[in-house]
Amino acid sequence: MTRKVFIQTHGCQMNVYDSARMLDALRVSHAFAPTDGLALHARAPCVDIVFGPQTLHRLPMMLDQVMRRRAPVVDVSFPEIEKFDRLPEPRAQGPSAFVSIMEGCSKYCTFCVVPYTRGEEVSRPFDDVIAEIAEIAELAAQGVHEVTLLGQNVNAYRGVMADGSGEYPATADLATLIEYVAAIDGIARVRYTTSHPIEFSDNLIQVYAHVPQLVNHLHLPVQSGSDRILALMKRGHTALEYKAKIRKLRAIRPAISLSSDFIVGFPGETDDDFEATMQLIEDVGFDQSYSFIYSARPGTPAASLSDPVPLAVKKARLLRLQTRINQMAQAISRRMVGTHQRVLVERPSRKDATWLAGRTENNRVVNFEGATALIGRFVELSITRVMTNSLRGELMTADVRQSRAAASVV
């Protein structure tokens, strides 16, 4: 008889194909799990395995244990650096590579479940990150020229640095790490996501002045423009402090593109609170947003707050916020028409397979005519047209010759 194994996760994406031999005829299903794995099993005895993002690498062993012992396995521990030690070997996935440099968050915003499911902030050792990116740089012949540094709160990175004698006397912040990454041959672009304003330090701002590989785009979540709501969210900063950091950055990179996260309808958000958010949007001029109506996460402090605001009001506020940011994004796109942009060619265009698609420094997708041999390379494009969610471009003279030469070889 076939036994069904339920694998419950903290909402993380999994790949279990490496465990195919262990699975045999077993079927695997995915769902969400609360932090307390034992409580979950008590409520749902049919669940055989409960694990969190930090123990995903133990999945083959857990499957084996379930099959041998016919007993449930619960492992929602936070083994810190162990998961980083089990990362797969770097490989090319298009022209960009993504490197996890830290896990977790220690900010404990009242609406967020990350600290409870991912644990507190743990950074990979500096030398491990640099070694992995150096391996990635060796794949430059395959078109890997861009690295994105990842973490739930990536600018809280504090990686220990070895001194060559086995001692770790120093700690590198994200600013230091970016400088070293940018110095690796073959790495032409550096991105990072996602950030917290209180960790957006002066050191990190200054890196934008002397590291040209650091792209002209920043995602810096603010969540609200109301100081009262920011305090209820336990964000640790005010709207004025957020804007002050942006002013410092724009003094160095005047044309930098900014995106952010917004939570609309946080419990008790008044009309004045929402208007403060709209004013922040006007003051900063965002290019993109990830904006949502607040939804309670069980176990978080905000879940117990009174929320008298009707859903219809929240929906109207969200529509107004998204409409305004979309208008700003379109205005920025229109100003790009006629400019020359350095684009990293990523793939064939989704709308027309005979065209190519690439991404500008400020994270705009540009579609243009060109030979497929250009995928993985940088090209210079003249921006000719603004579409709803992308731009159109034409190859500059030198790249036209390169494209024709590549096409003739193919």
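Me: What makes phenylalanine 262 and phenylalanine 286 buried rather than exposed?

Reply: Buried means under 20% relative accessible area, exposed over 50%, and partly exposed in between, with a 1.4 Å probe and protein chains only. Phenylalanine 262 is buried, and phenylalanine 286 is too. This is a predicted model, where local features need pLDDT of at least 70, side-chain atom pairs count only at pLDDT 80 or more, and totals for chains, interfaces and linings use all residues. Residues are numbered from 1 along each chain as its sequence is written, and side-chain values use heavy atoms, with hydrogens and water left out.

Me: Why is tyrosine 294 called buried?

Reply: Tyrosine 294 has 10% relative accessibility, so it counts as buried. Phenylalanine 266 is buried as well, because its relative accessible area is 0%.

Me: Why are phenylalanine 266 and tyrosine 294 called an edge-to-face pair?

Reply: Rings of Phe, Tyr and Trp (its six-membered ring) pair if their centres lie within 6.5 Å; planes under 30 degrees apart count as stacked, over 60 as edge-to-face and the rest as tilted. Here the centres are 5.3 Å apart and the planes make 65°. Phenylalanine 266 sits in the loop between S13 and H11, and tyrosine 294 in the loop between S14 and H12. They are 28 residues apart. Helices (H or I, at least four residues) and strands (E, at least two) are DSSP runs, numbered from the N terminus.

Me: What makes threonine 300 buried?

Reply: Its relative accessible area is 4%, so threonine 300 falls under the buried limit. Threonine 300 lies in the loop between strand S14 (288-293) and helix H12 (311-336).

Me: Which residues is threonine 300 in contact with, leaving aside neighbours within four places in sequence?

Reply: Contact means heavy atoms within 4.5 Å. Threonine 300 has Thr110, Phe111, Cys112, Val113 and Tyr116 as such partners. Its C-alpha atom is separated by 5.9 Å from that of phenylalanine 111, 189 residues apart along the chain.

Me: How do you know that arginine 342 lies over the face of phenylalanine 378?

Reply: A charge sits over a ring if NZ of Lys or CZ of Arg is within 6 Å of the ring centre and within 35 degrees of the ring normal. Arginine 342 is at 3.8 Å from the ring centre of phenylalanine 378, and lies over its face.
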